[in-house]
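The sequence and structure come before the text.

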Amino acid sequence: MSESFLVMQDVSVSRSGRGVLHDVSLALPRRSVVALVGPNGAGKTTLLKAIAGLLPFQGIVRVAEDDVSGLSIRERARKIAYLPQGHVVHWPLSVRDVVALGRYPHGANDPARLNDADQAAVSRAMALSDLDLLSDRNVNELSGGERSRVALARVIAVGAPVVLADEPTASLDPRYQIDAMRLLRRIADDGALVVVVSHELGLAARFADNVLVLADGRLVIQGTPHDALAESVLARTFRVSAFRTRHLGEDVVVPWAEV
Amino acid sequence: MVSAASRSSRGLLLTFSALVLLLAIVSLAIGPVRLSPLVVAQALFGGATEEQRIIVQEIRLPRAILGVAIGAILGLSGAALQGLLRNPLASPSLFGAPQSAAFGAVLVIALGLADVRSFVLPLAGISFAFASVFLLLAVAGRNASLLLLILAGLAISSLAGAMTALAMNLSPNPFAALEIAFWLLGSLEDRSFRHVVLALPFIVAGAVILLSRRHAFRVLSLGEEAAQSLGVNVGALRLAVIAGVALGVGGSVAVSGTIGFIGLIAPHLLRPLVGHDPTRLLLPSALAGAALLLAADIAVRIIPSTTDIKVGVLTSIIGVPFFLYLIVRERRTLGGGLS
């Protein structure tokens, strides 16, 4: 693994006295997609929120050598972009205005008055996410797949070196799932570290450089999709077997039966 | 780059400002003695007869100023609360803020701590309004559903109402109790510049606090966690909104009694014109609130009746059916129950 960009040391999280995450340590490089997988309740979302600074934790999180807890909230927001589950937008705003919110950490308060740099970032994010034709549409009128593209574009517009996405492919049809993963792959290739939580082991196997397997708040294994999604790991953490093969030069993993 | 949206919103602000100004002039002209706009203008700038000057400058001007300021802060508070809670049914009066502020003020009067023109009154109103909104948000918790917020608001306003009744009940002077009861109905009648001085600093402070956080409301459209991840300190924002609403509502209630529903109605009237962006709604809602309260205060002077109708009674009579209409419209969300 090349130079570490995001480093976690002994990160633990407790919620109402119960340990949710126990001494997680890891190091992840830039220009990579990291899939975070694990059974329901394993602590995947908690891990993402700890990195994003959305909940208190013990231990150390460093991004590019900077201790995250020492950053101001805006500095942190420029370094770490976070996409929560659900892609909720509470008011019917236009697609462009939602994407422009990604520039808020850079001081772009008003989507109607962006400076050139912010405008360029928003346009690029919209182009990458194939939203140019939907620019003036109201987000609440869009389909689930289109909304997920808006959410991803909002995160891309931040231009952060670390992108955390919590189940960006949930409740999407197969085509949109692939679109979403390709988009995340693309921003990783452009230099970002993308950590994506997913229950789709097949997508993780195909699009991720690294896979983190989390169970009961502990890191079970970290490695290439081939190693981390090995038969023994899946049997132990997910209690399933898997059909695996290669197709057009890429790994295929399909969860198969209970074990 | 300035988009069409921001240009049209500037036009809208101008239109509404003109409307508020027009209503303010009407407010100065209407009353037992009707004056022409020309006489009003003369009286304002030192012309006209002595009697007309007194009517315009000392009787009607404070009333118009309070109408603008209180209406504006109520509209702004409603829009800010709706933005904070991402909820179109949020408003100070549904959350019991004016009722609690009134209880604070009544407590001070009933205990004989201060007369009705003392600065203790707005301070008591502000503290109780702060406590009520704080309590509401604490009870409802983060990401509270509509149902939870409204139930908590109902509980708090009922409690404030009950405590106010108790304070009046225990008041040693029955005449004072009657006076309080009338004052609670909400009115801008017979207010002097003393009242303006009493309320205006707090209203301005509340407005400044709410407007200084305006951009955060738009980011909050994405939910609290996404907003926090984009650099909004959500905890600080909540406190600022509570403080801003409490200052504005507490200061208003201390001089006008409880005037409800302006904060609920104003943002709704504006959404079809301005759109749903909670940040762009703030200023127009303030202007619409000012226009609504001025119009209601003009209406109570025109409606023929043997006794004066209090403006707070009128806003409630219009506001409650409006609230019912909104409930019907939001039925789908409400039907979701505890989601």
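In this predicted model, Lys49(A) and Glu225(B) form a salt bridge through their side chains, with 2.8 Å from N to O. A second salt bridge pairs the side chains of Asp110(A) and Arg218(B), at 3.8 Å from N to O. Asp110(A) sits in the loop between H3 and helix H4 (116-128) of chain A, and Arg218(B) belongs to helix H9 (residues 214-219) of chain B, so this pair joins two chains. Side chains of opposite charge can pair when their charged atoms come close.

| Residue in chain A | Residue in chain B | N to O |
|---|---|---|
| Lys49(A) | Glu225(B) | 2.8 Å |
| Asp110(A) | Arg218(B) | 3.8 Å |

In total, four salt bridges are found across the interface of chain A and chain B. Over all chains, the whole structure has 24 salt bridges. Polar contacts between chain A and chain B come to five residue pairs, with both residues at pLDDT 80 or more.

On the side of chain A that touches chain B, the elements giving two or more residues are helix H2 (73-79), strand E6 (80-83), helix H3 (95-100) and H5 of chain A. H2(A) gives the most, with four residues. By residue class, this side of chain A divides into 19 nonpolar, four polar and eight charged residues.

The extent of the interface can be stated in residues and in area. Contact involves 31 residues of chain A and 30 residues of chain B. The size of an interface is often given as the accessible area lost when the parts come together. For chain A and chain B the buried area is about 2,600 Å², and 62% of it lies on carbon and sulfur atoms.

Within chain A, helix H5 (residues 144-158) packs with helix H6 (residues 174-189) at an angle of about 10 degrees, and their axes are 10 Å apart. Because of that angle, H5(A) is roughly parallel to H6(A). H5(A) makes the contact through Gly145(A), Glu146(A), Arg149(A), Leu152(A) and Ile156(A), while H6(A) contributes Tyr176(A), Ala180(A), Leu183(A), Leu184(A) and Ile187(A). The residues of this contact comprise seven nonpolar, one polar and two charged. H5 of chain A is also among the elements that give two or more residues to the side touching chain B.

How values were computed:
Residues are numbered from 1 along each chain as its sequence is written. Chains are lettered from A and ligands numbered from 1 in the order in which they are written. This is a predicted model: local features need pLDDT of at least 70, side-chain atom pairs count only at pLDDT 80 or more; totals for chains, interfaces and linings use all residues. Side-chain values use heavy atoms; hydrogens and water are left out. Axes are lines fitted to C-alpha atoms, for helices over the stretch in contact, and angles run from 0 to 180 degrees between N-to-C directions. Angles under 35 degrees count as roughly parallel, over 145 as roughly antiparallel, 65 to 115 as roughly perpendicular and the rest as oblique. Contact means heavy atoms within 4.5 Å. Ala, Val, Leu, Ile, Met, Phe, Trp, Tyr, Cys and Pro count as nonpolar, Asp, Glu, Lys and Arg as charged, and the others, Gly among them, as polar. Buried area is the accessible area (1.4 Å probe) that two parts lose on being put together, summed over both. A polar contact is a pair of N or O atoms within 3.5 Å; within protein, one must be able to donate a hydrogen and the other to accept it, and residues adjacent in sequence count only if both atoms are side-chain atoms.
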